[in-house]
Amino acid sequence: MAVVQINNVYKTYHDTEVEVKAINGVTLSFNKGDFAVVVGPSGSGKTTLLNLIGGLDQPTDGEILIGGHRLSELRPSELIDFRKDHVGFVFQSYNLIPVLTAAENVGFIMSLQKWPKEKRKARTEELLDSVGLADRHNSRPSQLSGGQQQRVAVARALAAHPEFILADEPTANLDSKSAESLLDIMEKLNRDEEMTFIFSTHDVRVMKRARRVITLEDGKVISDEIRS
Amino acid sequence: MILEIAWKNVWRNKTRSLIVITAVTIGVFAGVFTIAAMNSSVVQRIDAAVNEEMSHIQVNNKDFRSSSDIRNVIDDYPALKSTLESLPGVVNTTGRIIIKGIASTASKSTGVEITGINIEKEKEIFTLYEKLIPGTGSYFSSETKFNTAFIGEKLAKELNIIRYTLTGDALSKLESDGVPAEVVAKLGSVRDQKFPTDKKFSNSVATLLTPAELKNFNLKIKEAAWSYREGSKVILTFLDMENNQTGAAFRVSGIFRTNNDMFESLAVFVPENELRQLTGMEEGTYHRAIARLENDELTDNVTPMIRGSLPGYEVLSWKEIQPDLAMLADMMQAIYGIFMAIILAALAFGIVNTMLMAVLERTREIGMLAAIGMNRRKIFSMIMLESVFLSIVGGITGMAVSGAVIAATAKNGINLMKYSEGMEALGYSAHLFPTIDVQFFITTTILIVLTGILSSVYPARKALKLNPVEAIRGE
């Protein structure tokens with residue numbers, strides 16, 4: 001069953017004089033357990049597509065269905081709750097909350113969802129352990145390397161059992177070793193927990209690991225390759 | 001969690017937060033302490049007026065004040081007294097005989113108001129006897145066959161009872177009090193010379209000393225030269241019950257010093273029996289009944305009650321006798337309000353500025369929070385709490401510092417001797433004991449928190465307007 005269903009979606013930006021079609025009639029679906037990358041040159045619409053899937057932006061036309069929810073029918077406040085409960089985000093610049101420790105960052109969404117403290121603590125420990133940061137619970141983001149911060153971001157994204165994770169250029173700021181290590185963790189989570197990952201990337205290391213590669217150009221899907 | 005993040009956010013830029021908190025602290029302290037000092041001068045003036053001059057409520061024969069005729073006495077003082085004492089809030093009463101007259105000495109004479117008093121009752125109601133200048137008498141307590149009078153320092157100066165003379169002893173005392181020998185030597189030229197007035201003495205000393213010496217030692221020199229001969233005589237002249245002019249010599253049984261020059265120069269107190277003998281007023285008759293209340297706050301409630309119980313008499317509260325004081329008290333409330341409004345406005349601008357900076361600096365972070373599912377209410381609350389924390393920490397510290405400094409200075413007071421002449425001419429003490437009531441303290445603290453909340457609205461709304469997509473993208 002499709003976790004994400006995108007039907008003939010358009011996204012047009014009106015610049016001062018020019019109309020820019022960032023997404024131009026895309027139809028795609030992502031299934032549970034996908035480990036997919038969206039690739040393409042700069043300006044091809046990768047980030048826009050991820051923003052639309054994540055409910056951060058609304059399409060100009062077409063529809064996006066996630067777990068039976070038609071995103072265009074949700075009010076802005078419902079979209080925020082939808083993102084909190086259904087989508088995990090991993091950003092290029094980690095975007096952790098600088099004043100919180102690694103454990104508090106991971107527990108943040110669970111606390112927004114009002115999980116009981118004990119349950120939250122157990123899940124946080126489990127996740128930090130799974131991303132190899134069992135010993136850095138109390139470290140602030142500024143005390144962690146880029147790779148470690150991105151692993152905390154992955155743990156945070158997974159915390160509240162989202163239906164899928166959107167990762168926008170997650171390895172862009174990482175060195176090779178950290179990038180490989182992060183991808184190992186994501187692959188393992190995908191394999192063991194059947195967590196769906198949708199990446200946008202320029203990074204060949206991510207592309208090599210992906211089992212599905214979608215290529216965008218000028219807002220259109222020009223290829224959708226499934227690897228065995 | 002929101003509370004925790006907001007608190008931690010306050011301290012992520014420690015320097016900036018500390019600067020804002022310090023500014024708020026200083027602003028609140030400056031405002032509250034200035035108000036406390038201003039308030040003290042009004043409170044002290046009202047206290048002095050009530051405790052030394054008027055008490056809370058006065059009841060007169062209705063024609064007495066307009067005519068000042070000695071025969072306009074209260075018809076049935078014992079009945080009036082028992083009516084007064086039966087009313088709630090009235091804790092003590094006394095009667096006064098009041099006669100306009102002239103006080104004279106060999107060299108001067110001036111108009112005065114002679115008040116015949118029951119000494120023991122006066123001491124229960126008024127604290128004027130505590131204002132006796134040491135060494136000037138005993139406030140009617142020494143046995144004497146003469147008539148006695150208790151007068152103000154200003155009147156004593158006007159009548160030349162107080163003089164200024166730098167005796168040999170006075171000069172030695174000055175030297176032992178730390179006045180340099182060369183200054184004392186300069187003063188030698190006016191040794192044992194008698195100056196009838198403060199002004200003449202000051203003018204003479206000014207010709208001998210440099211301005212700097214005058215500035216440093218003038219008060220000490222004046223104090224040392226202040227001389228008074230105990231038991232000095234004053235002639236009081238007035239009309240008796242038959243409208244015939246009468247009078248007698250009174251020995252000064254003490255000189256009082258208050259902060260009210262007008263009162264000091266007009267009031268002469270004498271025992272009521274001495275005045276009765278001279279005027280022929282009957283025993284138990286008075287022109288004025290004085291009522292002392294439990295506290296000042298009861299004045300507005302008890303005055304109409306007395307008025308209702310005593311028709312045909314003129315009933316006046318201290319606020320009506322000295323409306324300028326009542327108006328001043330009200331005006332001060334308005335001034336405190338304006339003063340605090342200015343300080344709170346400055347606080348608000350400080351908080352808005354700081355929080356706007358914080359929001360603009362954290363555009364990306366706030367965008368991320370919205371992206372991962374933190375709703376608008378929570379983002380608004382977070383920014384609002386940060387502002388409130390800043391104001392609360394600064395405000396509470398400011399209030400605590402104000403409280404401590406007010407408590408410390410209230411004990412020994414702040415002495416503005418330099419301005420004493422001007423302030424005392426207006427009836428105000430130059431020695432301020434800052435004071436503030438608890439209600440003002442609590443109200444101000446609540447207003448500071450409310451200002452913090454209100455000032456957070458604009459930055460918090462600004463945070464809500466951020467588009468997560470643009471916020472995350474922009475770096």
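Leaving aside neighbours within four places in sequence, Thr258(B) is in contact with Ala48(B), Glu52(B), Lys131(B), Phe263(B) and Glu264(B), where contact denotes C-beta atoms, placed from the backbone, within 7 Å. The model is predicted: local features need pLDDT of at least 70, side-chain atom pairs count only at pLDDT 80 or more, and totals for chains, interfaces and linings use all residues. Residues are numbered from 1 along each chain as its sequence is written, while chains are lettered from A and ligands numbered from 1 in the order in which they are written.

- Thr258(B) lies in the loop between strand 9 (245-256) and helix 11 (261-266) of chain B; helices (H or I, at least four residues) and strands (E, at least two) are DSSP runs, numbered from the N terminus.
- Thr258(B) counts as buried because 21 other C-beta atoms lie within 10 Å; the classes are buried at 20 or more other C-beta atoms within 10 Å, exposed at 12 or fewer, and partly exposed in between, with C-beta atoms placed from the backbone.
- The C-alpha atoms of Thr258(B) and Ala48(B) are separated by 8.1 Å, although the two residues are 210 residues apart along the chain.

**Chain A: overall content and sheet**

- Chain A contains seven helices and 10 strands, and 46% of its 228 residues count as buried.
- Among contacts in chain A between residues at least 6 apart in sequence, 72% join residues at least 24 apart.
- Six strands of chain A form an open sheet in the order 6-7-8-3-9-10, with mixed pairing; two strands pair if DSSP finds at least two bridges between them.
- Strand 6 (87-90) and strand 10 (220-226) of chain A are the edge strands, each pairing on one side only.
- From one strand to the next, the twist averages 20 degrees; angles run from 0 to 180 degrees between N-to-C directions, and axes are lines fitted to C-alpha atoms, for helices over the stretch in contact.
- Strand 6 and strand 7 (residues 164-168) of chain A run parallel and are joined by four bridges, with Phe89(A) opposite Leu166(A) in strand 7.
- Helix 1 of chain A packs on this sheet, touching strand 3 (35-39), strand 7, strand 8 (196-200) and strand 9 (212-217), and its direction makes about 145 degrees with that of strand 8 of chain A.

- Helix 1 (residues 46-53) of chain A is mostly covered, with eight of its eight residues buried; Leu50(A) and Ile53(A) are among them.
- After helix 1 of chain A comes Gly55(A), whose phi is positive, near 75 degrees.
- Leu166(A) touches Leu50(A), Ile53(A), Gly54(A), Val87(A), Phe89(A) and Ile198(A), not counting residues up to four places away in sequence.
- The largest nonpolar core has 109 residues, and those with the most contacts inside it include Val38(A), Leu166(A) and Ile198(A); such a core is a set of buried Ala, Val, Leu, Ile, Met, Phe, Trp, Tyr and Cys residues joined through C-beta atoms within 7 Å.
- Apart from that core lies another, of 49 residues, among them Ile74(B), Leu128(B), Tyr139(B) and Leu293(B).

**Contact between the chains**

- Chain A contributes 19 residues to the contact and chain B contributes 18 residues.
- On the side of chain A that touches chain B, helix 2 (76-86) and helix 3 (102-112) of chain A each supply at least two residues, and helix 2 gives the most, with five residues.
- By class, this side of chain A has 10 nonpolar, five polar and four charged residues; Ala, Val, Leu, Ile, Met, Phe, Trp, Tyr, Cys and Pro count as nonpolar, Asp, Glu, Lys and Arg as charged, and the others, Gly among them, as polar.

**Chain B: strands and helices**

- Strand 2 (residues 90-104) and strand 8 (residues 233-239) of chain B pair in the antiparallel sense over four bridges, and Gly101(B) stands opposite Phe238(B).
- Strand 8 and strand 9 of chain B pair in the antiparallel sense over seven bridges, and Val234(B) has Phe250(B) as its bridge partner in strand 9.
- These two strands of chain B form a hairpin with five residues between them, and Asn243(B) in the turn has a positive phi of about 65 degrees.
- The axes of helix 17 (residues 376-412) and helix 19 (residues 438-464) of chain B come within 7 Å and cross at roughly 145 degrees.
- The contact of helix 17 with helix 19 of chain B has 16 nonpolar, nine polar and one charged residues.

How values were computed:
Contact = placed C-beta atoms within 7 Å.
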